[in-house]
Amino acid sequence: LHVRHGDSCMHAVMSTFRPECAPVETYMERVREMGQRYGARAVFLATDDPNALEIAQREAGGMRIMSLEFDRAALSGDWFLEFRTQEGDRGAEAGEVARSATLDVMLLSECDYFVGTFASHLSRLAYERSEAGVPPPLQLRRLPMVPP
């Protein structure tokens with residue numbers, strides 16, 4: 001499960017083509033659907049939202065939710081993350097941001113199923129890295145660059 005919020009929500013507000021950020025509860029509807037459809041019982045959550053893990057656990061319907069342990073508050077803000085790291089924003093240390101994103105991609109690509117928007121490069125990269133033969137992803141919205 002990839003929940004992209006943070007500066008991505010600002011991108012969506014400023015854009016005419018990017019989808020608006022969906023609440024975690026909307027993602028979890030799709031996760032529960034994956035559980036019913038394929039018997040999934042555990043979920044790896046990759047997110048930049050410091051509140052997403054708590055919400056996902058509350059909405060899990062008995063599924064086990066796992067996520068990397070690190071301070072996601074460093075990823076949230078009302079300014080683009082890449083600019084914040086360049087300016088030396090405390091908490092938005094570029095190395096930690098890169099490490100956490102790399103681990104998220106690697107772990108997401110090892111999952112048996114994928115739920116996300118495909119509005120971010122991280123989602124698309126993780127899905128592309130996944131092995132062939134995984135069921136079609138359950139995305140929140142159809143985007144032109146993602147096959148049905």
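1. Burial. A residue counts as buried when its relative accessible area is under 20%, as exposed when that area is over 50%, and as partly exposed in between. With that cut-off, 44% of the 148 residues of the protein are buried. This is a predicted model.

2. Overall layout. The protein contains six helices and five strands. Along the sequence, the elements follow the pattern β-α-α-β-α-β-α-α-β-α-β. Take the contacts between residues at least 6 apart in sequence: 55% of them join residues at least 24 apart.

3. The sheet. Three strands form an open sheet in the order β1-β2-β3, with parallel pairing. The edges are β1 (2-3) and β3 (64-67). Each edge strand has a single partner strand, so one side of each is left without a neighbour in the sheet. Strand β2 (residues 42-47) runs parallel to β3, and four bridges join the two. To find your place in this pairing, look at leucine 45, which stands opposite serine 67 in β3.

4. Aspartate 48. This residue sits in the loop between β2 and α3. Is aspartate 48 buried or exposed? Its relative accessible area is 8%, so aspartate 48 counts as buried. What does its side chain reach? The side chain of aspartate 48 makes a polar contact with the side chain of arginine 4, at 3.2 Å. The aspartate 48 side chain also reaches the backbone nitrogen of histidine 5, at 2.8 Å. Further along the chain is alanine 73, 25 residues away from aspartate 48. The C-alpha atoms of aspartate 48 and alanine 73 are separated by 7.9 Å.

5. Arginine 58 counts as exposed, because its relative accessibility is 52%. Through shared partners, salt bridges join Glu25, Arg32, Arg58 and Glu59 into one network. When you inspect the arginine 32 and glutamate 59 pair, view the network of these four residues with it.

6. Which residue pairs with arginine 37 in a salt bridge? The partner is glutamate 33, and the closest N and O atoms are 2.7 Å apart. Both residues lie in helix α2, four residues apart, which is about one turn of the helix. Arginine 37 is partly exposed at 47% relative accessibility. Glutamate 33 is partly exposed too, with a relative accessible area of 24%.

Notes:
Residues numbered from 1 in each chain as written. Predicted model: local features only at pLDDT ≥ 70, side-chain atom pairs only at ≥ 80, totals over all residues. Heavy atoms only, no water. Salt bridge = Lys/Arg side-chain N within 4 Å of Asp/Glu carboxyl O. Buried < 20%, exposed > 50% of the residue type's maximum accessible area, 1.4 Å probe, protein only. Pairing = 2+ DSSP bridges. Contact = heavy atoms within 4.5 Å. Polar contact = N/O pair within 3.5 Å; in protein donor to acceptor, adjacent residues only side chain to side chain.
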